[in-house]
Amino acid sequence: MENTTKKDPKIILTGDRPTGRLHIGHYVGSLRRRVELQNSGEFDKIFIMIADAQALTDNFDNPEKIRKSILQVALDYLSVGLDPEKANLFIQSMIPELTELTFYYMNLVTVARLQRNPTVKSEIQMRNFEASIPVGFMCYPISQAADITAFKATTVPVGEDQLPMIEQTREIVRKFNTVYDEVLVEPEALIPDNEICKRLPGTDGNAKMSKSLGNCIYLSDDEKTVKQKIMSMFTDPLHIQVSDPGHLEGNAVFTYLDAFCKDEHFAAFLPEYSCLQELKDHYTRGGLGDVKVKRFLNAIMEEMLKPIRAKRADYEKNLDAVVDILKKGTEKAEAEAAKTLDDVRKAMKINYFDTSILIDSYEKN
Ligand code: TRP
């Protein structure tokens, strides 16, 4: 007999809060991987979401910031090589089904469980929300579960800080499938396998690259800005004279080299060395100046950023087309979410007008 069992589809969903332009930390941490996954041909469907509704949960008083960031993020996506023919780019708040799913999932989660979510906990501290946590913010992990399950995503490529969200999603899926019917899919997180790529430090050496700290290199920065940011990067405060032995630990320039440098970069830009280890050895021994290392890093950065910048400039010339990509992507995404919402309503038997379900449940007394 012929084997007719169909392979389960492999579906990606991931996204970002649009609170500003994306930077090279986003690039090594997730964007680069997304493009690889997209081009691997291993996935049946790919959804990349601009999570504006989630961004509003902690920026409700500044919708303008979110609005302004939507096209920026869309351009960042397109310029790094996400291809609208292969990956569906869409805007979260334009899909009402996501909100509806969130509302039903809210019944499956306790307040205590939300309060235990470590990412939410640290965000509450960061934002000084302790005394008065907006309900919408508290519930964003539930809305994230709706984002993921609406597309029956199997794979969610995210940073490590998002693991608690995926865990919470899996719990919601299990609960839903037990209480109602087996319709939701348990997703797996896919986190960066490379330690340095998990969290790129800021140009000032701070552990986190973040807009509020002003220590980012943006994908959309021009050549001059990037150079100036790299030339003023934090290195080793004890490395004063070129002849002084230098330290690699906490040295942001070397951390970036760990993240971006390949052996072939030496042949192209710094042929006196053959690999990063040689450069590191010379630095720690003493006799290698920061300026030289920074110039090398800048050359590597430019090689990476130049094509990204060019692609961005192309799309920038035709923003209408970018909006159209988002609109088409959102329509397609909504059609998927609507199918899942149908399944969910059926499983809960709240699809009242589809069948004779109301009359069948009527009990005459
Ligand atoms: N929480 C993610 C972030 O802060 C954004 C996001 C929203 C997301 N919904 C998602 C990521 C669903 C993956 C899957 O960047």
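Reply: A polar contact is a pair of N or O atoms within 3.5 Å; within protein, one atom must be able to donate a hydrogen and the other to accept it, and residues adjacent in sequence count only if both atoms are side-chain atoms. The model is predicted, so local features need pLDDT of at least 70 and side-chain atom pairs count only at pLDDT 80 or more, while totals for chains, interfaces and linings use all residues. Residues are numbered from 1 along each chain as its sequence is written, and side-chain values use heavy atoms, with hydrogens and water left out.

Helices (H or I, at least four residues) and strands (E, at least two) are DSSP runs, numbered from the N terminus. The side chain of Asn59 makes a polar contact of 3.0 Å with that of Asp58. Asn59 counts as buried because its relative accessibility is 10%; buried means under 20% relative accessible area, exposed over 50%, and partly exposed in between (1.4 Å probe, protein chains only). Neighbours within four places in sequence aside, Asn59 is in contact (heavy atoms within 4.5 Å) with Thr19, Lys65 and Ile66.

A salt bridge here is a side-chain nitrogen of Lys or Arg within 4 Å of a carboxyl oxygen of Asp or Glu. Asp58 is buried because its relative accessible area is 15%, whereas Arg127, at 25%, is partly exposed. Both residues belong to a network of salt bridges that links Arg17, Asp58, Glu123 and Arg127. The count of salt bridges by this rule comes to 22.

How does this region relate to the domains? The assignment, whose bounds come from an automatic or database source, gives domain 1 (11-199 + 319-360) and domain 2 (223-315). Their contact takes 15 residues from domain 1 and twelve from domain 2. Together the two domains bury about 1,200 Å², 69% of it on carbon and sulfur atoms. Ile24, Ser79 and Ile196 supply 44% of the area that domain 1 buries against domain 2, more than any other three residues. Buried area is the accessible area (1.4 Å probe) that two parts lose on being put together, summed over both.

One salt bridge is counted between the domains. The side chains of Arg312 and Asp76 meet in a salt bridge, at 2.6 Å from N to O. On the side of domain 1 that touches domain 2, the elements giving two or more residues are helix H1 (24-40), helix H3 (63-80) and helix H16 (319-348). Of these, H3 gives the most, with six residues.

In the protein as a whole there are 17 helices and five strands. Buried residues make up 48% of its 365 residues, and the C-alpha trace spans about 95 × 55 × 45 Å along its principal axes.
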